[in-house]
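Biologist: I have not looked at this one before. Please take me through it.

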Amino acid sequence: MQDTKTNKTKEYKRRRGDRKDGRLIREIDPLHYVTGVIYPHRCDNEAYIAERIDLTAINEYLARKNADDPEYKYNMFQIIVTSLLKTITLRPVMNRFIANGKFYQRNEISASFVVKQIFSDSGGEVLAFIRAKEDDTLDTIHQDIFRQVSKFRGEGYVDPSSDAMDVFNKMPRWLSRFLLKLVMKLDKRGRVPQFLIETDPYYSSCVISNVGSIRLKSGYHHLTNWGTCSLFCLIGEIKKRPVFADDGTFEMRPTVDLGITVDERLGDGYYYSRTIKLLKYLLHHPELLERPLSEKVDFDNGDE
């Protein structure tokens, strides 16, 4: 359980009203309490944020990290994943979710993404899940991604979540629809069996999709009312675009667009603004990702 004041993991005894994946927030301001009740659906409360990131600093950093030609090279995707995890760690409201009209603080910080096994129309997809610890760094997350991608691209691999969904697909339609509606009711109350959600991306802190890898632009992606995920990030295609200086001059630099969708009920605009400022600061100073996720960053006086 994460302490929202110190960003440190501490022992927490489960209390009445808590879920197995989150602690009920019992002290909450009246506005947010009412908002959770009168606006019950996550998909009806999405806020979309678009940001363009200058990749100059990231590319220079990657050149240094890959100078020794490691077996699995560091890349932009790993840096964005780590930056998001560190941002969520240091901005704990981003790790909350609303279920059944109640606010919860998630028990763990996690990110999920799809791995394409083969780049073809018929190529299968499997789901990767990163469960972060407070002492994780870019290096440990890089290794975790390498381990999962290597396993997932093995012939015939099926992740547990997809395997569980296939069970419903093989049932008679009337039975599978009945059971799925029952599971949706359990989801609302936080009682879905663990084997069904073990690698379900919509039970993570953040879903990340690198659509740039298939030559698509970044854009809006919806949240879902299923699960607990309150944050979605699309990574667009890398392109050279003009980056303007304060005096109006510009230089063509490699950039990437991020499309971020959040559940606006969790916090206010100021909290989201500072969260995005921290994320951009980390992406412009990737060397900070070599420090533990829980180590604070002084970004107020920094550039964006």
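Modeller: Helices (H or I, at least four residues) and strands (E, at least two) are DSSP runs, numbered from the N terminus. This is a predicted model, where local features need pLDDT of at least 70 and side-chain atom pairs count only at pLDDT 80 or more, while totals for chains, interfaces and linings use all residues. Residues are numbered from 1 along each chain as its sequence is written, and side-chain values use heavy atoms, with hydrogens and water left out.

Biologist: How many helices and strands does the protein chain have?

Modeller: There are eight helices and 10 strands in the protein chain.

Biologist: And what percentage of the residues is buried?

Modeller: Of the 304 residues in the protein chain, 49% are buried. Buried means under 20% relative accessible area, exposed over 50%, and partly exposed in between (1.4 Å probe, protein chains only).

Biologist: What share of the contacts joins residues 24 or more positions apart?

Modeller: Among contacts with a separation of 6 or more, such pairs account for 68%. Contact means heavy atoms within 4.5 Å.

Biologist: Now the holes. How many cavities of 30 Å³ or more are there?

Modeller: The structure holds two of them. On a 1 Å grid over the protein atoms alone, a cavity is a set of points where a 1.4 Å probe fits but cannot get out; a pocket is an open set with protein on both sides within 12 Å along at least five of seven lines, and lining residues have an atom within 4 Å of a point. Points are joined across faces, edges and corners, and a volume is the space filled by probe spheres set on them.

Biologist: Which elements supply at least two residues each to the lining of the largest cavity?

Modeller: Those are helix H3 (76-90), strand S10 (250-263) and helix H8 (269-284). H8 gives the largest share, four residues. The volume of the largest cavity is about 90 Å³, and its lining includes Leu 84, Ile 88, Ile 260, Tyr 272 and Leu 279.

Biologist: How does that lining of the largest cavity split by class?

Modeller: It has 10 nonpolar, two polar and no charged residues. Here Ala, Val, Leu, Ile, Met, Phe, Trp, Tyr, Cys and Pro count as nonpolar, Asp, Glu, Lys and Arg as charged, and the others, Gly among them, as polar.

Biologist: Which residues line the second largest cavity?

Modeller: Arg 19, Lys 20, Asp 21, Gly 190, Arg 191, Val 192, Ile 197 and Tyr 203 do. By class, that lining has three nonpolar, one polar and four charged residues. The space in the second largest cavity is about 30 Å³.

Biologist: What about Tyr 74, buried or exposed?

Modeller: Tyr 74 is buried, with a relative accessible area of 13%. It sits in the loop between H2 and H3. Leaving aside neighbours within four places in sequence, Tyr 74 is in contact with Leu 62, Lys 65, Asn 66, Leu 138, Asp 139 and His 142.

Biologist: And beyond four places in sequence, what does Glu 290 contact?

Modeller: Tyr 61, Lys 65 and Thr 137. Glu 290 lies in the segment after H8 and counts as partly exposed, at 37% relative accessibility.

Biologist: Last topic, the backbone. What is the phi of Asp 69?

Modeller: About 55°, a positive value in a residue that is not a glycine. Most residues other than glycine have a negative phi. Asp 69 is in the loop between H2 and H3, and it counts as exposed at 53% relative accessibility. Arg 215 is another non-glycine residue with a positive phi, near 65°. Arg 215 lies in the loop between strand S7 (206-209) and strand S8 (231-235) and is exposed at 67% relative accessibility.
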